[in-house]
Amino acid sequence: MTVAERATRGPAALRQARSLEATAHRPWPPPSRPWVMGQTWEDLLFAHWRVAPALLREKVPAPLELDLFEGTGWLGVTPFRVTGLRPRGVPPLPGVSSFPEINVRTYVTFGGRPGVWFFSLDAGNRLAVAAARRLYRLPYQAAGMTVARAHGSIRFASRRLGEPSDRWQLRVVYAPVGEPVPPRPGSREHFLTERYRLYTVDGERVTFADIHHRPWPLQEAEATFEVNTMAPTGIQLNGPPDTLHFSRRQDVVVWAPGHAG
């Protein structure tokens with residue numbers, strides 16, 4: 001840990017930096033260059049639906065290959081809270097380092113390395129939205145969001161700003177069930193969660209960003225979706241999710257984007 005890292009003195013900053021003490025679980029070593037950003041994810045729900053590969057193929061740019069499990073594609077809707085967001089060597093700043101977020105994602109590979117493709121990322125912080133769109137070329141959108149804990153459950157509500165009232169909304173109540181355990185390699189939950197690279201495509205150029213964290217402490221989950229219109233246009237999420245998992249907290253470091261092709 002650098003002197004600048006120690007100077008932050010915050011528990012989130014220390015946990016984020018110390019995540020690199022455990023790397024044996026990764027499919028490839030972390031980058032040798034310094035990471036640039038730390039963040040912590042809290043009260044995260046992994047809700048996944050099976051989706052026909054042909055439907056996903058229409059939405060994912062051709063340079064990327066779909067990553068399938070059990071012969072099918074998967075679409076994830078993941079609400080959570082970002083906390084402790086900060087550049088390396090800088091403590092989290094009040095008012096900009098914590099906000100709710102929803103990721104809508106599927107799974108891809110490029111050059112033999114698996115990763116995540118984001119259809120959309122909604123966040124309750126306009127500054128974070130603008131920065132992520134500019135620096136990482138990610139499809140972030142500003143949304144009005146609320147998150148509340150009550151009786152062991154999380155109630156999460158979101159509506160994308162400037163959109164029709166019946167589109168890009170999520171209202172869900174979810175809670176963990178059982179004890180947290182790391183996902184078993186080769187299992188469905190390992191495939192869906194243990195991902196250490198995200199991809200974007202600009203024209204024909206593939207850009208990636210590496211991330212690192214310890215193995216996910218996953219719990220089974222239960223969830224009631226009151227409203228969910230977050231799926232990409234042309235994809236219907238019929239019925240309840242095929243899998244539900246919960247994680248109370250994950251500390252993450254992120255590297256600057258690079259070009260893969």
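1. Basis of the note. The structure is a predicted model, in which local features need pLDDT of at least 70 and side-chain atom pairs count only at pLDDT 80 or more, while totals for chains, interfaces and linings use all residues. Residues are numbered from 1 along each chain as its sequence is written, and side-chain values use heavy atoms, with hydrogens and water left out.

2. Helix α4. Helices (H or I, at least four residues) and strands (E, at least two) are DSSP runs numbered from the N terminus. Helix α4 spans residues 126-136, and its buried residues are Ala128, Val129, Ala132 and Tyr136. These residues fall within an arc of 100° when seen down the axis of α4, so they line one face of the helix; the arc is that of the directions from the helix axis to the C-beta atoms. The exposed residues Arg126, Leu127 and Arg134 sit on the face turned away from the buried side. Here buried means under 20% relative accessible area, exposed over 50%, and partly exposed in between (1.4 Å probe, protein chains only).

3. Ends of α4. The N-terminal end of α4 is capped by Asn125, with a side-chain oxygen 3.0 Å from the backbone nitrogen of Leu127. Just after α4, Arg137 adopts a positive phi of about 55°.

4. Asn103. This residue belongs to strand β4 (residues 99-110) and is buried, at a relative accessible area of 7%. Its side chain makes a polar contact of 2.8 Å with that of Glu101. A polar contact is a pair of N or O atoms within 3.5 Å; within protein, one must be able to donate a hydrogen and the other to accept it, and residues adjacent in sequence count only if both atoms are side-chain atoms. Leaving aside residues up to four places away in sequence, Asn103 touches residues including Phe80, Phe118 and Leu121 (contact: heavy atoms within 4.5 Å).

5. Salt bridges at Glu226. The structure holds 13 salt bridges, each a side-chain nitrogen of Lys or Arg within 4 Å of a carboxyl oxygen of Asp or Glu. One of them joins Arg155 and Glu226 at 3.1 Å, N to O. This pair links distant parts of the chain, with Arg155 in strand β7 (residues 153-160) and Glu226 in strand β11 (residues 218-228), 71 residues apart. Arg171 also forms a salt bridge with Glu226, the closest N and O atoms being 3.9 Å apart. Relative accessibility is 44% for Arg155, 41% for Glu226 and 34% for Arg171.
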